[in-house]
Amino acid sequence: MTQAVNHAALLPLYAAAGTALLVLIADLAFARFQVLAGVLGAAATAVCAVAAPDRAATFCTGDLCSWVVTPRAALLSVLFAALTAGVLALSVPTLREGYAPVGEFAFLLTCSMTGGVVVAYAGDLITLIVGLETLTLPLYILVGLHRRRANPAAAPAAVTFFLISVVSTAVASLGAALLYAATGALHLSELTGGAGRFAHLATVGAALIVIGFAFKVAAVPLHAWAPVTYDGAPVPVATYLSTASKLGGVIALAAVVQRLDTGLVVAVLAVLTMTVGNLVALRQTRMVRLLAWSSVAQAGYIIAPLAVGAAGVEAAFAYAVFFVLLEFLAFGAVAALRGPGTDGGTLNDFHGAGRRDKWLGAVLVLAFAGLAGLPPGLAGLFAKVTVVESLITAGWGWLAGVVALNAVIALAYYVRATALLYARVTPVGIGVVDPELLHRATHPRVPVPAVVTAALVIGAVAAVALGFAPQPIFDILAR
Amino acid sequence: MTMNPPGVSGLLQVLLIAVLVVPAVGALVVALLPARSDRGSRLVATGFAAVTFVVSLALVLTPSQRDFGWFRYTATDAIPVVPFAEVDLAWVPRLGIDFHLGIDGISYPLVVLTALLTTLCCAYTVWKVPEGGSGRTLAALMLVLEVGILGTFLALDLVLFFIFFEVVLLPMYAVIAGWGGVRRREAARKFVLYTLFGSVLLLLGVITVVVAAGTADMLALAGGFGLSRTTQYVAFTLFAIAFAVKAPLWPLHTWLPDAHTEAPTVGSVILAGVLLKMGTYGLVRVGVGVAPEGAAAAGPVLGILAVAAILAGSLICLRQTELKRLIAYSSVGHMGFVLLGIATGTAAGIQAALIGNIAHGVITGLLFFLAGAIKDRGHTGDLADLGGLRETAPRLAGLLGFAAIASLGLPGLAGFWGEAFAVVAAIQRGSALWITLAVLAAVGGALTAVYFLRLLRRVTHGPATPAVTGFTAIARPEWLAWSPLILLTLVVGLVPALVLAASADPVAALTGALR
């Protein structure tokens, strides 16, 4: 029997996969324009995601479909496309320095975007896991991909990431298999906890799926790979890991927890994740490590409302959307301040950076304030309010309290990093007439390429706009 | 939700929005001005602050056509709170946030005071920029602070109130950390972490109320909205701790002395003058207003803590050796009186708290200006090194004496009313506990006199020390910044009705549910 395929519903996937092909062809035919092709393709993917007919579905058996178009899936696809384009833009200076082969880099990143789109539209567990693997597989290579032995940390980082990720996929697949064996359900819309003899088997299966996906969002105690990997990778790749890759994990986790009763596991994961992430972040002395640990903690805030089940999914997604935007800005500003081909550096490398480059400083302040959930990062404030509101509505007041107290711990390192940007110049120990001048001479301002500026400006404008008008995001997620 | 609440003229609504938009635009403009025109941008900032002040005055003086009698009924039969100017726009329906602003007898004195102090501080910044950073950035931050503080006083939506409450956090941190004294970093961090701890509790309380009541409209919520007793208890506990950190109430006050000592003069003035008032105002408007049963139940505890604050503040002040630190600790005692008034839960008590708020803002603002002037000239704030000020700078010494005497509560000056009536309100409660508290508070008031007189004896009397010799005369900008505060100290002291004029109805509405 042949199955009717709704090609309109698959438009975003075609566009995303086409982008990867386009990059490949551009690389083979012209050996240039790869990044341009990637950015244009990502834009096309976003347009297709918006254009795909709402509620269209395909690969169906009866009412159950493996590919479902929803406004939320469209929003998330747009986000994946935007993040891919943004990370491509951030990588331009690094690639110009010859850090990695441009064609391969852009191809792998757009492949990863394709995986993200699949995850967003997935309607069953298999599609979800396949999409998630397509999202992460290219990233193993991206983390370790470099021409020169510039960064000795890259190879171990890539291997760590690879091993952990493969294990987590195996765990999630095993969970899916057990669940299928116990309940016969694979489609997300009919996942159930199982009954009778197989109830325990189904519970184990659900727990394994949650644990497998928790690896992807770097939830404690399954987080150890994240700081090593982020710090070993080039900053733009770390940007992608902490935004798009994490978003994929959140989608997968949300798809599962809203129909299976996994509240306790998720709540424990959330509490551990935010608390450990924040406490360890307090002690970091390297910028990317600090951001990595803070993003571990942020994952805790994202999954906290998932403990509630279906009622918390909207809040989790709202938080995730605001979070990836702010996280992109933070990493992007760090990459721009540090210049091409360098790692994130130590915190001391950022001493007075905001005084040297006031716009990049302002972007970083906006991002840090947002991640801390404070004005002027209003988007982050709304994100936090949404999470607390959904938890209290569902009667999980204690978890809301843990989230709130964690926000206080987190502020300690966010203000430390932010204050450093504007710290006064410390005397160097030798008599100097104008220490400011000497500092400026020894810490030259890194020129920021136009393409990076464009990515950051678009991101910052989006973050400010969503800070003043977050309602559209809530509207899309609620539909 | 109507866009135009009935009976409010379009002009008033425009003024109400302008009072927030003007400083916000001002901050943006000042921040974007080129760095080389530093003095020019400080002048621009002062202009924006002055316009805000004029708008805030116009807001109060424009006649409202509102019929205060009948048209809004709350869930309970309490007297409704009717602001005389109001704007209500939907903002984020998903979270139930309306951009709902209003001004009534409780908030207008604070609004005007905020606008006035910001203007004075900006003007002062034109004349003198504290060491540490550009004056332009400092002026922009002052305007951002003004937006946050005014927004807090104007907000009539609980979540909006919380958002404005948070707005001041980072700018104040930046002011202390950027332009502060030697130990500014630690002081600023302590300030920001303490106050964020307070505001996350506020968030929990706000959301608890909003989820239980299904609305964030503070007008509808005033008087309890039929919230269950448990909800009110939980909410009030959260609110009380949150605002106690901000106010600050002993024993959650430890951030305050450090922040004040390290902050630049203008930062201290804003901090003591109006930022602390966000805590006491919140306790009245949100704590007592939204969870009256919780407030009634917690009254004795709050009262005991308030009196402990008065006594602790006074005793600590007796041992202080640093000028700004002493004034900072005196704030703990003064805010104790304000909280005692609120704790009584009676109309008289809350009116005492309102006037105490204003008086403390004016007088302590003036005291910090004077302390800053002395520290800038003498390069020390150590009481042991200061002495004989009246020999070398008689005018400065005279002003310090005036402010100190006003602060210790001399009848006829602003400080008297709040403290005296807080004690009277406590006595009126009648029970043994409240009378004991009143007596102890009065003892604390007497101790206030002791330490301020000790301060004056140390600083102004005796032989002149090397530190106070060669003081320059008071400059014209200083007179400009100080004289409104001196005048207000006198005027509020002589005509307290100026502050309390329109507060009777809203206070009755808030306390009505308690009885």
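1. Which residue in β2(B) is the bridge partner of Ala85(B)? The partner is Ile103(B). This is a predicted model, and the pairing belongs to a hairpin formed by β1(B) and β2(B). Strand β1 covers residues 85-92 of chain B and strand β2 covers residues 97-103. The two run antiparallel and are joined by seven bridges. Four residues lie between the strands. In that turn, Gly96(B) has a positive phi of about 70°.

2. Confidence comes next. The model scores ipTM 0.89 and pTM 0.90. For chain B the mean pLDDT is 84, and 94% of the residues reach 70 or more. One stretch needs care when reading the model: over residues 68-78 of chain B the pLDDT is below 50. That stretch still has 21 contacts in the model beyond near neighbours in sequence.

3. Chain B has 22 helices and two strands. Its radius of gyration is 22 Å, close to the 24 Å given by the globule rule for 515 residues, so chain B is as compact as a globular protein of that length. The C-alpha trace spans about 65 × 60 × 40 Å along its principal axes. Of the 515 residues, 65% count as buried.

4. Helix α5 of chain B, residues 158-167, is a clear case of burial: 10 of its 10 residues are buried, so the helix is largely enclosed by the rest of the structure. The buried residues include Leu158(B), Phe161(B), Phe162(B), Phe164(B) and Phe165(B). Glu166(B) is also among them.

5. Is Ile310(B) buried or exposed? Ile310(B) is buried, because 30 other C-beta atoms lie within 10 Å and the cut-off for burial is 20 or more. The residue sits in helix α13 of chain B, residues 292-318. Leaving aside neighbours within four places in sequence, Ile310(B) is in contact with Gly333(B), Gly336(B), Phe337(B), Ala441(B) and Gly444(B). Ala404(B) is 94 residues away from Ile310(B) in sequence, and the two are 17 Å apart in space, C-alpha to C-alpha.

6. The largest nonpolar core has 418 residues. Four of them touch the most other members: Leu253(A), Ile303(A), Leu329(A) and Val403(A). Helix α12 of chain A, residues 310-338, gives the most to this core, with 22 residues. Not counting residues up to four places away in sequence, Ile303(A) touches Val217(A), Ala219(A), Leu253(A), Val266(A), Leu269(A), Ala270(A), Thr273(A) and Ala316(A). As background, nonpolar side chains tend to be buried together in soluble globular proteins.

7. The contact between the chains takes 26 residues from chain A and 26 residues from chain B. Which elements give two or more residues to the side of chain A that touches chain B? They are α15, α16 (397-421) and α19 (471-478) of chain A. The largest share, 10 residues, comes from α16(A). By class, this side has 20 nonpolar, four polar and two charged residues.

8. Two cis peptide bonds deserve a look. In chain A, one joins Pro375(A) and Pro376(A), with omega about 10°. Pro376(A) lies in the loop between α14 (358-372) and α15 (378-393) of chain A. In chain B, the bond from Ala247(B) to Pro248(B) is cis, with omega near -15°. Pro248(B) lies in the loop between α9 (229-246) and α10 (255-262) of chain B.

9. Positive phi values also turn up in residues other than glycine. Ala31(A) has phi near 60°. Ala31(A) is in the loop between α1 (7-29) and α2 (34-51) of chain A. The residue is exposed, with 10 other C-beta atoms within 10 Å. Phe59(A) has phi near 55°. Its place is in a strand, β1 of chain A, residues 57-61. Phe59(A) is partly exposed, with 18 other C-beta atoms within 10 Å.

Key:
Residues numbered from 1 in each chain as written. Chains lettered and ligands numbered in written order. Predicted model: local features only at pLDDT ≥ 70, side-chain atom pairs only at ≥ 80, totals over all residues. Pairing = 2+ DSSP bridges. Rg over C-alpha atoms; globule rule 2.2 N^0.38 Å. Buried ≥ 20, exposed ≤ 12 C-beta atoms within 10 Å, placed from the backbone. Core = buried A, V, L, I, M, F, W, Y, C linked by C-beta atoms within 7 Å. Contact = placed C-beta atoms within 7 Å. Nonpolar A, V, L, I, M, F, W, Y, C, P; charged D, E, K, R; others polar. pLDDT = per-residue confidence, 0-100.
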